[in-house]
Amino acid sequence: MPGLHFEEFEIGHVFHHSLTRTVTEMDNMLFSNMTLNPQPLHIDRHFCETQTEWGQPLVNSLFTLGLLIGISVNDTTVGTTIANLGMNDVKFPNPLFQGDSVHCTTEVISRRESRSRPDAGIVEFEHKAFNQHDDLVAICRRQAFMKKRAGGA
């Protein structure tokens, strides 16, 4: 697996993820419908054009969050995560629209040994998503319970 182990994360390192994704209308509609979210701000173009300041549908913020973290996995934690422990300080400072292309960065904020498991540690990441104009569209802190290398300390 290409994921990094606990010991390999250096505090302050920033990953510039090579994966990018253009968000489509289908992504937004499917996600909103699968999560039973009837908010017209995401699924009703006419409503958005006539009754919102945006003039177009906004991408569902939870899709944006999932995409942000998903893009980071290949470079950081694929196959080496035991569990996500939490996400906090989640913000969406600018809107993401259908047709926008997302690129992301991840910074290693902190890490510490597990108090309960000698084979694991906790790494805190700060994930950021940007649109094609480099506007910050999402940011969050995530704490991940990470495997150590076999026999590692």
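Two strands are said to pair if DSSP finds at least two bridges between them, and the exercises below apply this to a predicted model.

**Exercise 1.** Work out how strands β4 and β5 are arranged, and how many residues lie between them.

*Solution.* Begin with the pairing: strand β4 (residues 101–113) and β5 run in the antiparallel sense and are joined over ten bridges.

**Exercise 2.** Find the pairing of β5 with strand β6, and say which residue of β6 is the bridge partner of Glu124.

*Solution.* The pairing of β5 with β6 (residues 136–147) is again described by its bridges, of which there are eleven, in the antiparallel sense. Within β6, Gln143 is the bridge partner of Glu124. The hairpin of β5 and β6 has five residues between its strands, and there Asp134 takes a positive phi near 65 degrees.

**Exercise 3.** Explain why strand β5 counts as largely enclosed by the rest of the structure.

*Solution.* A residue is buried when its relative accessible area is under 20%. In β5 (residues 120–130), ten of the eleven residues are buried, so the strand is largely enclosed by the rest of the structure.

**Exercise 4.** Describe the span of helix α4, the contact at its start and its buried residues.

*Solution.* Helix α4 (residues 61–76) has 16 residues and reaches 23 Å from its first C-alpha to its last, which is close to the expected 22 Å. At its start, a side-chain oxygen of Asn60 comes to within 3.0 Å of the backbone nitrogen of Leu62. The buried residues of α4 include Phe63, Leu67, Ile71 and Thr76.

Technical notes. Residues numbered from 1 in each chain as written. Predicted model: local features only at pLDDT ≥ 70, side-chain atom pairs only at ≥ 80, totals over all residues. Heavy atoms only, no water. Helix = DSSP H or I, 4+ residues; strand = E, 2+ residues; numbered from the N terminus. Expected span 1.5 Å × (residues − 1). Buried < 20%, exposed > 50% of the residue type's maximum accessible area, 1.4 Å probe, protein only. Polar contact = N/O pair within 3.5 Å; in protein donor to acceptor, adjacent residues only side chain to side chain.
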